[in-house]
Structures are given as structure tokens and as C-alpha cells.
Amino acid sequence: MTMPEPRTLQAVNDLQPLLQARRWRWRATPFPHIVAENVFVPDVQEELARDFRTLYDQRTTAGYNTQHDFLGTSLISTQCGSLEVFISPAWYALFTRLFGINEPGFLTAGVHRHRPGSRNGFPHNDIFPERLDVGPGRGDVLRFGGPVAGKSVRAVAILYYLNNGPWAPGDGGETSLYWDWKDGVDTPVDSVPPRDNTLFAFSCNPHSYHSFRTNRKRRDSVISFVYRGVDDYVQLWGDEGLRQYAEYGRHHA
Ligand SMILES: O=C(O)CCC(=O)C(=O)O
Ligand SMILES: [Fe+2]
């Protein structure tokens, strides 16, 4: 596989020259989250979309995820062109500061393609324990700070929508937000349309219920996750989210 050399994003130490709009909206309902439009400057936006397409054109390993009905693969450092920004220390620093997450922790990212007619997801909160590791030769998990004892959970989820072209109501592919996991997927509290160069980020906690919505047009996104150790999570949130996962087993996504 030959990825183009990143032109704009040589090594991402500083996000400032890459970002366009500086007004990111905080919303409190139904759980704290950020929606930002026009996130990257136009050159970078184009480069990200081009390198996203290259991954799908060239990579035969973009696997089908049966549970969530998308084609996807993990981003691997130095093998994803400009998409490296989503697994950069600067990206980790931005979102850990915004959401007040402590080290040690991890960062991972992946590309998702929902083909037209992909089915609805289901409300889930992204809390489930995983064992993450940074073995030799692995470029898909970045660790910050010392080792994490035991398992980790997602601390921040960041969705960035790209390569979709114009979006209009009815096209679907939104990420919807809910009060509760029992809410019907078609009756959300709010929805984020997958407009190109838009970002949706939230800290993961027992209440961060969200779901992919069925789409009529292809919907492409890059998703990145900041992780924290389970102990750090439990100090803040108690074991509620973990219990929900254990009891209902449907919070994994
Ligand atoms: O793609 C989306 O809109 C949501 C994805 C999601 O919830 C996940 O991957 O955990
Ligand atoms: Fe999720």
C-alpha cells in the first residue's frame, strides 16, 4: 500500500495552523458534548478526505463490522497520510484538556464507512472495559503517561465527518443523542448531521447515550477515542456504567 506523503501535516505538534473555526459549541443536553463546524482549514479538509479515500481504495483490510454495519479499519501511525492528526499527541492534548481527562491514557482512531441503507444503531454509552496495549511494532494505539494497570474505558469519543458531499434532512446518517438506553432510536433528544468538516465530541460516562442513524447516502467518518484506566473512571463515576455494561451488555460499540 502506498499512501501519499502528508503535505500539510508533516508531524502534528501544533494544531493551530490546521484549524479553521475557533468557536466550538458546548451543549449540555442530554449530556455534555461539543459540536464544531468548519473544523479544519479547506486545504487540510481536502487532504483528509483524499487520504480517507485512499485508505478505502487501496486497503483490502477495511473489514465489515457486522454489529454496527460499517466498513472500517484502524488508523496506523505513518500509514494513514494526513489522518495522522487523529492519532497525534496534539489531538490527545486538545481533548483531554477540553474534557479534563488525566493521564495515563491511550488514543486510538479508525475510519468508518456506512454504505447507503446501513441500519440504525442503538443507544449506547461507549462504556465497556478493554485491555489496551502498546506492544512493539504496533502503531494503532498511542499511550500517554505511564502504564495503565488493568483495563481501560473510553474517556472521550470524537467523530469527524468528511467526504460526504452536501447533506440535507432526510439523507440520514446523523449521530443522535438520547436520555436513556431504553429510548427508541427514532426518538432522540438531538441529532448531529454528518456535514463535512464537522466534529462531534463527548466525554463517555453512564449517560452518554448516542447512536448512528440509518442513511440514504454514503456516510464517512473518522472516529477517535481517548481512553483512561478503569480505576480513574470509577473514581469519578462509580461503577454505574460498568454495571450497565455487565447487566445489559448492549453498551458496547
Ligand atoms: O457513527 C456514529 O454515528 C456513531 C458511532 C459510534 O457510536 C461508535 O462507534 O461507538
Ligand atoms: Fe458509540
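Predicted model: local features only at pLDDT ≥ 70, side-chain atom pairs only at ≥ 80, totals over all residues.
## The cavity and the ligand site

Residues are numbered from 1 along each chain as its sequence is written, ligands from 1 in the order in which they are written, and side-chain values use heavy atoms, leaving out hydrogens and water.

Now for ligand 1. Its shell has 12 residues, and H124, D126, T175, H210 and R219 come nearest (near means a heavy atom within 4 Å). By class, that shell holds four nonpolar, five polar and three charged residues.

Here are some polar contacts (N or O atoms within 3.5 Å):

| Side chain | Distance to an oxygen atom of ligand 1 |
|---|---|
| D126 | 3.2 Å |
| T175 | 2.6 Å |
| R219 | 2.7 Å |

On its own, ligand 1 exposes 290 Å², and the protein buries 94% of that (Shrake-Rupley method, 1.4 Å probe).

Back to the cavity: which residues line the largest cavity? They are N164, G165, P166, W167, G172, P194, K217, R218 and R219 (a cavity is a set of points on a 1 Å grid over the protein atoms alone where a 1.4 Å probe fits but cannot get out, and lining residues have an atom within 4 Å of a point). The volume of the largest cavity is about 50 Å³.

Note on methods. Polar contact = N/O pair within 3.5 Å; in protein donor to acceptor, adjacent residues only side chain to side chain. Nonpolar A, V, L, I, M, F, W, Y, C, P; charged D, E, K, R; others polar. 1 Å grid on protein atoms, 1.4 Å probe; cavity = no way out; pocket = protein on both sides within 12 Å on 5 of 7 lines; lining within 4 Å. Points joined across faces, edges and corners; volume = space filled by probe spheres on them.
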